[in-house]
Amino acid sequence: MTSPHRLNDKSLRTPSQGSFAPAAWRYSPTARFLHWTLALLIIFTTSIGWRMMLIEHEPGAEQWFELHMSIGLIIATLVAARVFWRLTHRPEPFPADQPAWQVRLASVTHALMYGLMVFLPITGYLGASHTKGGVKWFGLPTPHWATPDHDLAEQFFTVHGILLWTLVALVALHVAGALKHWLIDKDGTFQRMGFRRGP
């Protein structure tokens, strides 16, 4: 019978044993909360944006646009909090046995996603600021400092859309990598951002 001391050992069981290797280090509750909350909000507001574009010139489209802006302002606040948290709480390095190209790819992907999460709300806010209605947060108007300019607003929205679909592509790559660590490598990397210890 395995002793309790062996159960607490940091050694990882091999994938051939049919179990997931426990992660030796996990992200803090704050980091996990910001990660999953932002993930859900970005998915939700992206679906709203898609719906908004389909009915852009139909009655009621303004309500979808306002909801998209409102959630975008929440996302901007959470992104600022996440960037601050990341700068002040550096994560542990990846497992030493992980291929160097995977570590580089993950690092570049994470950096790009952080950059996109910063500039997406900014471009959306600037575009909305140059519309006649301005920026509203769940019906509450915010200071309208910009002169309405349809062409300039559309330019910001175009950049906003390009950044969004770039983020979608990177998120898909990020998810694929996470699933690889979880289902194929079984090295505990996926569990770093999970809410439970163990498999």
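1. I begin with E66, which at 23% relative accessibility counts as partly exposed, a class that lies between buried, meaning under 20% relative accessible area, and exposed, meaning over 50%, as judged with a 1.4 Å probe on protein chains only. This residue E66 lies in helix α3, where helices are DSSP runs of H or I with at least four residues, strands are runs of E with at least two, and both are numbered from the N terminus. Not counting residues up to four places away in sequence, E66 touches K136, F138 and G139, and touching, or contact, means heavy atoms within 4.5 Å. The C-alpha atoms of E66 and G134 are separated by 9.7 Å, although the two residues are 68 apart along the chain.

2. Before going on, please keep the basis of these values in mind. This is a predicted model, in which local features need pLDDT of at least 70 and side-chain atom pairs count only at pLDDT 80 or more, while totals for chains, interfaces and linings use all residues. Residues are numbered from 1 along each chain as its sequence is written, and side-chain values use heavy atoms, with hydrogens and water left out.

3. As for the overall plan, the secondary structure of the chain comes to five helices and two strands, and from the N terminus on these elements run α-α-α-α-β-β-α. The chain has 199 residues, of which 32% count as buried. Among contacts between residues at least 6 apart in sequence, 70% join residues at least 24 apart.

4. Helix α3 has 28 residues and reaches 41 Å from its first C-alpha to its last, close to the 40 Å expected at 1.5 Å a residue; the expected span is 1.5 Å times one less than the number of residues. Its buried residues are A61, H68, M69, S70, I71, I75, L78, V79 and R82, and the buried residues of α3 pack against α2, α4, β1 (136–137) and α5.

5. How do α3 and α4 cross, and at roughly what angle? The axes of helix α3 (residues 61–88) and helix α4 (residues 100–129) come within 9 Å and cross at roughly 145°, where axes are lines fitted to C-alpha atoms, for helices over the stretch in contact, and angles run from 0 to 180 degrees between N-to-C directions. The contact is made by F65, M69, G72, L73, I75, A76, V79, R82, V83 and R86 of α3, together with Y114, M117, V118, P121, Y125 and A128 of α4. These residues divide into 13 nonpolar, one polar and two charged, given that Ala, Val, Leu, Ile, Met, Phe, Trp, Tyr, Cys and Pro count as nonpolar, Asp, Glu, Lys and Arg as charged, and the others, Gly among them, as polar.

6. A search of the whole structure finds five aromatic pairs; rings of Phe, Tyr and Trp (its six-membered ring) pair if their centres lie within 6.5 Å, and planes under 30 degrees apart count as stacked, over 60 as edge-to-face and the rest as tilted. One of them is the edge-to-face pair of W50 and W165, with 5.9 Å centre to centre and 85° between the planes. Because W50 lies in helix α2 (residues 29–54) and W165 in helix α5 (residues 150–185), this pair ties together parts that are 115 residues apart in sequence. W165 is partly exposed, with a relative accessible area of 46%.

7. Another edge-to-face pair is formed by W137 and F138, at 5.0 Å centre to centre and 75° between the planes. Both residues count as partly exposed, W137 at 37% relative accessibility and F138 with a relative accessible area of 44%. F138 is found in the loop between β1 and β2 (140–141), and its phi is near 50°, a positive value in a residue other than glycine.
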